[in-house]
Amino acid sequence: MRKVDLCLSSEGTEVILATSSDEKHPPENMIDGNPETFWTTTGMFPQEFIICFHKHVRIEKLVIQSYFGK
């Protein structure tokens with residue numbers, strides 16, 4: 001059985017809330033499937049985002065990468 005990354009915008013997933021945004025690195029970059037793009041925040045803490053799946057999903061693995069976090 002092939003595993004599908006349901007957290008991609010190509011699968012209908014959306015970022016419906018992000019507490020900060022940068023024009024060059026918007027929150028939608030988190031779900032575009034491109035490892036060269038990313039969401040960057042404005043530096044205020046804490047940061048949050050909400051991702052909406054448009055169907056019930058079972059999460060088996062969650063990967064979050066953070067750089068220079070405090």
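These are my notebook entries on one predicted protein model.

**Overall make-up**

I began with the secondary structure. I found 2 strands and 0 helices in the protein. Strand 1 covers 14-18 and strand 2 covers 49-52, with a loop between them. I then took the extent of the C-alpha trace. Along its principal axes it spans about 40 × 20 × 20 Å.

Next I looked up burial. The protein has 70 residues, and 10% of them count as buried.

**Surface and charge**

The protein exposes about 6,300 Å². Carbon and sulfur atoms supply 54% of that area. For charge, I noted 10 negative and 7 positive side chains. The centres of the two sets lie 9 Å apart.

**Asn29**

I turned to the loop between strand 1 and strand 2, where Asn29 has its place. Is Asn29 buried or exposed? Its relative accessibility is 13%, and the limit for buried is under 20%. Asn29 therefore counts as buried. I then listed what Asn29 touches, leaving aside residues up to four places away in sequence. The list holds Lys24, Thr37, Phe38 and Trp39.

**The aromatic pair**

I searched for paired rings next. The count comes to 1 aromatic pair. Which residues form it, and how are the planes set? The rings belong to Trp39 and Phe49, with centres 5.6 Å apart.

Trp39 is in the loop between strand 1 and strand 2, while Phe49 is in strand 2. The pair therefore ties together parts that are 10 residues apart in sequence.

I compared their accessibility. Trp39 is at 16% and counts as buried. Phe49 has a relative accessible area of 35%, so I logged Phe49 as partly exposed. Trp39 had already come up in my notes, as one of the residues that Asn29 touches.

**Pro46**

My last stop was Pro46, in the loop between strand 1 and strand 2. Its relative accessibility is 67%. Exposed means over 50%, so Pro46 counts as exposed. I also took the C-alpha to C-alpha distance from Pro46 to Ile31. It is 20 Å in space, for residues 15 apart in sequence.

Terms used: Residues are numbered from 1 along each chain as its sequence is written. This is a predicted model: local features need pLDDT of at least 70, side-chain atom pairs count only at pLDDT 80 or more; totals for chains, interfaces and linings use all residues. Side-chain values use heavy atoms; hydrogens and water are left out. Helices (H or I, at least four residues) and strands (E, at least two) are DSSP runs, numbered from the N terminus. Buried means under 20% relative accessible area, exposed over 50%, partly exposed in between (1.4 Å probe, protein chains only). Accessible areas come from the Shrake-Rupley method with a 1.4 Å probe; for residues, only the protein chains shown count as cover. Lys and Arg count as positive and Asp and Glu as negative; His and the chain ends are not counted. The place of a charge is taken as NZ of Lys, CZ of Arg, CG of Asp or CD of Glu. Contact means heavy atoms within 4.5 Å. Rings of Phe, Tyr and Trp (its six-membered ring) pair if their centres lie within 6.5 Å; planes under 30 degrees apart count as stacked, over 60 as edge-to-face and the rest as tilted.
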